[in-house]
Amino acid sequence: MSLDRTKIVDEAVALLDAEGLDGVTLRKLAARLGVQAPTLYWHLPNKAALVTAIAEAIVPDPQPPAPDQAWQEWLTDFALQLRAALLAHPDGARVVSMAQLSRQTAAWSELAMSTLADRGIPLRDARIIVLTVERFTVGHALEEQSPPPDTADFDLEQYTAAYPVSMRAITEYVTPGRTVDDLFRDCLEVVVEGASVIARQ
């Protein structure tokens with residue numbers, strides 16, 4: 001079988017989807033491709049390179065804003081698209097957070113900072129705003145994709161007694177049927193509104 005980088009990365013993404021990041025090894029990948037592991041080293045010298053290649057594959061090309069689109073609206077869409085891409089694959093957020101010098105993630109940052117700068121936001125502020133939104137989005141997705149806690153010995157009544165305000169706040173938020181998607185949007189709104197304050201200074 002003719003082997004090229006595209007086939008290797010496509011199979012690596014399939015392996016990620018099947019077994020999660022901990023199951024992605026060069027040995028398993030080689031077995032799925034029907035080759036010996038050393039064959040892959042011509043294309044991807046180590047797991048770090050493999051993880052970066054997977055990150056580039058699962059993060060789509062960023063979409064530029066419409067000419068008259070407010071940067072706040074576009075930045076919100078930007079974060080929603082990034083989160084969706086991360087959650088589309090098991091451990092997607094871990095993969096992207098571990099990627100080294102990824103051109104695809106750099107393209108997202110470049111477009112976002114350029115968009116804000118083109119709308120009159122000083123470059124320093126644009127960089128801080130973009131980094132904040134990106135890191136919030138990846139961090140939120142990391143938490144979403146983390147294994148559930150072991151609740152075998154968890155005492156809910158004791159926890160509620162120790163942290164009553166936190167538990168009331170959680171109950172109040174989720175009672176109307178809000179989901180983690182709503183939570184992400186609400187938190188993101190606070191981040192973007194804070195960015196707007198910075199932009200006006």
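A polar atom of the Ser102 side chain lies 3.4 Å from the backbone nitrogen of Gln104. This is a polar contact, meaning a pair of N or O atoms within 3.5 Å; within protein, one must be able to donate a hydrogen and the other to accept it, and residues adjacent in sequence count only if both atoms are side-chain atoms. Ser102 sits in the loop between helix H6 (92–98) and helix H7 (103–118). Helices here are DSSP runs of H or I with at least four residues, strands are runs of E with at least two, and both are numbered from the N terminus. Ser102 counts as buried because its relative accessibility is 5%. The cut-offs are under 20% relative accessible area for buried and over 50% for exposed, with partly exposed in between (1.4 Å probe, protein chains only). Beyond its neighbours within four places in sequence, Ser102 is in contact (heavy atoms within 4.5 Å) with Thr52 and Glu56.

The model is a predicted one, in which local features need pLDDT of at least 70 and side-chain atom pairs count only at pLDDT 80 or more, while totals for chains, interfaces and linings use all residues. Residues are numbered from 1 along each chain as its sequence is written, and side-chain values use heavy atoms, with hydrogens and water left out.

Another loop, between helix H1 (5–19) and helix H2 (26–33), holds Asp22. Is Asp22 buried or exposed? Asp22 is exposed, because its relative accessibility is 61%. Not counting residues up to four places away in sequence, Asp22 touches Asp91 and Arg94. With Arg94 there is also a polar contact between the two side chains, at 3.3 Å. Ala169 is 147 residues from Asp22 in sequence, and their C-alpha atoms are 35 Å apart.

Arg94 in turn meets Asp91 in a salt bridge, at 3.8 Å from N to O. A salt bridge is a side-chain nitrogen of Lys or Arg within 4 Å of a carboxyl oxygen of Asp or Glu. Asp91 counts as buried at 15% relative accessibility, whereas Arg94 is partly exposed, with a relative accessible area of 28%.

How many salt bridges does the structure hold? There are 7. One of them joins Arg32 and Glu11, whose closest N and O atoms are 2.7 Å apart. Arg32 belongs to helix H2 and Glu11 to helix H1, so this pair ties together parts that are 21 residues apart in sequence. Both count as partly exposed, Arg32 at 38% relative accessibility and Glu11 with a relative accessible area of 22%.

Arg83 and Asp181 form a further salt bridge, with 2.6 Å between the closest N and O atoms. This pair links distant parts of the chain, 98 residues apart: Arg83 is in helix H5 (residues 71–87) and Asp181 in helix H11 (residues 180–200). Arg83 is buried, with a relative accessible area of 8%, while Asp181 counts as partly exposed at 39% relative accessibility.

An annotation remains. UniProt, in an unreviewed entry, places the feature "DNA-binding region" at residues 25–44. Its positions are given in the numbering used here, its feature names are shortened, and its annotations may be inferred rather than shown by experiment. Over residues 25–44 the chain is 60% helix and 0% strand, and the end C-alpha atoms lie 12 Å apart.
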